[in-house]
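I opened my notebook today to look up rings and strands in one protein model.

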Amino acid sequence: MTNTTTDRAQVGDTAQDAAEGAAERLTTAPAESDGPTGIGVVGWLRWMWRQLTSMRVALILLFLLSLAAIPGSLIPQNGQNEFKVQNWKAQHTTVAPIYEKLQLFDVYSSVWFSAIYILLFVSLAGCIVPRTWQFVGVLRSRPPAAPRNLTRMPVYAAWRTDADAAAVSAAAHRLLRGRRFRAHLDGGAVAAEKGYLREVGNLVFHLSLFALLGGFAWASLASGTGGKLLVEGEGYSNTITQLDDFTGTRFYGTEDLDPFYVKLDRFTSRFQNNGSQIGSARQFTANVDYYEGSDPSKLKQGKIEVNHPLEIGGSKFFLIGHGYAPVITVRNAAGDTVYTGATPFLPQDGNLTSTGVIKVSDYGQKDGKRTQLGLSGFFLPTAPVAFDRNTGPRSLFPGDADPVLVLNAYAGDLGTDSGLPQNIYQLNTKNLTQLQQDGEPAKVRMKPGQAWQLPDGYGSVTFEGYKQWASFNVSHRPGNAIALTGAVLAIAGLIGSLFIQRRRIWVRAVALPDGGTLVELAGLGRSESARIAEELAALAVDLQDDAPALDDEPDDEPDDEPDAAPEDGSDAESGKEPEDGPADGSTEADEAPAPAESAVPTAQNSKE
């Protein structure tokens, strides 16, 4: 008895191992090694290569790449804004040298970031190539033949029928092909497989990551960005001499700039003027005229909004800021106009309190000496009735409800003739003297249309009005489309790999010695899911049309239930013989035969 039990246990373990092995073969992922194979340097190199190309290491490298990108978003970068980098170094003199050695001001071109990037490329390539080759081999091969003992499969169904075994197999093959299974009929059994899109999703996901990283790499090598501030009515040609700033890369320099012309025709801004969110921006629209190349006859009109850039050639125009530009006219003591035009003032707060300077380098002679004039001050779109002495001039609202210009006047040497570069938005008062009026520094508060007579006979300043300006980022990034396509495909592939189930179904029809045919159905899924049981049940129901189950079908499975009825039909508890009646147990009032329950699939070896 002990030997018999042991033999049965060994047979059960062998069948269970076979089922588990069949489930493991539903994937095409390459097997991983737990340690170095071979002897010596070659063995270690082979082991390191397998580790590098494993999915575990690829995920670790992807995580490290995301961590390495964090300093680039927290610390100013030389490639984006060198002015901010210099200011940051001046404010953090202690850690700035350390950051410089760690290349934290050039994160995306640093040695350590590039090393992680290249290793991730190699890991993905080494993972994708063999996986794709194995998957092609799976597609070219036939589904695995039916196991000898189908009852050991997680989902199983069986019934007897009078239909011919060959006809049942042909019908099962036809039904499975109709359900888009890869089916093969051989030796009276049908083997079918479905769910290949799951592995396709895995491969698409990895290929998309490769494309995503490749797009970023190409963008970092062949992209360039420039900045330009335009006042309403002004335009510029996309050349290095007319750009405010430009940052190129290894394969994109000043000679590669896309040729086009852009003119800011009108800028529209709108803010909420009531409620709890008063002052919040509601609309920023830049209407522009532009043409590509050098032919003005091809002039077009375009509209640029926040997060809605205008694409011109291979470059994109992004709207990144806006403000006001007071229109000022300066006349000297002789009444000659020495300066006129719109001067951009830079916003300092959310209500667009703006500061700016006007440098009059060609003022002329004053008291027999060459003189230059400097004006600095504030532009307030919505000015208060009176200024707070502690805070100074401040705007109450970002919209131009009550614009006011506040100016101070200086005379002397601006330093513009020294040949040294200057910030056009700052006034160096080292060699300037502030004009005095009534014993106090000369200053004025003007509304559009008003003029100010400068003290000491320096002439006049007229506030003609104001315009709006917009600042644009001109970006040329050829790898963005590749990166975006890779990101979309990666999400689609991930969805497919998560929701598509790889599964197999076998159908066997065997002619019995005493007549009739035994029909067996079994299913095996890669993951625990009720889908395989549902599909097998639906297949069993459809197969009933070609192989109807017999009503008096005997139970093919050994019945080990303790309360099973004896073979003679007597009641196990009372010992009485059953009453006379139809052999199938039905009454005269119920002559319709009951369907055979043995055709329902059972999941005896699974947790479903």
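Entry 1: I began with Trp 452, whose bridge partner in β22 is Val 461. I looked up how strands are named: helices (H or I, at least four residues) and strands (E, at least two) are DSSP runs, numbered from the N terminus. Two strands pair if DSSP finds at least two bridges between them. β21 and β22 are antiparallel partners with 3 bridges. They form a hairpin with 6 residues between them, and in the turn I found Asp 456 with a positive phi of about 60°.

**A note on the model.** I am reading a predicted model, where local features need pLDDT of at least 70 and side-chain atom pairs count only at pLDDT 80 or more, while totals for chains, interfaces and linings use all residues. Residues are numbered from 1 along each chain as its sequence is written, and side-chain values use heavy atoms, with hydrogens and water left out.

**Entry 2: other partners of β22.** Strand β11 (residues 315–331) pairs with β22 in the antiparallel sense over 15 bridges; there I saw Lys 316 opposite Ser 475. Strand β4 (residues 224–231) also runs antiparallel to β22, with 8 bridges, and Gly 227 stands opposite Asn 473. Is β22 mostly covered or mostly open? It is mostly covered, with 13 of its 17 residues buried (buried means under 20% relative accessible area, exposed over 50%, partly exposed in between, with a 1.4 Å probe and protein chains only).

**Entry 3: aromatic rings.** Rings of Phe, Tyr and Trp (its six-membered ring) pair if their centres lie within 6.5 Å; planes under 30 degrees apart count as stacked, over 60 as edge-to-face and the rest as tilted. By this rule I get 22 aromatic pairs. Phe 121 counts as buried because its relative accessibility is 19%, while Phe 210, at 31%, counts as partly exposed.

**Entry 4: two tyrosines.** For Tyr 363 and Tyr 458 the centres are 6.2 Å apart and the planes at 40°, so this pair is tilted. Tyr 363 and Tyr 458 are both buried. The charged end of Lys 366 sits over the ring of Tyr 458, 4.7 Å from its centre (the rule: NZ of Lys or CZ of Arg within 6 Å of the ring centre and within 35 degrees of the ring normal).
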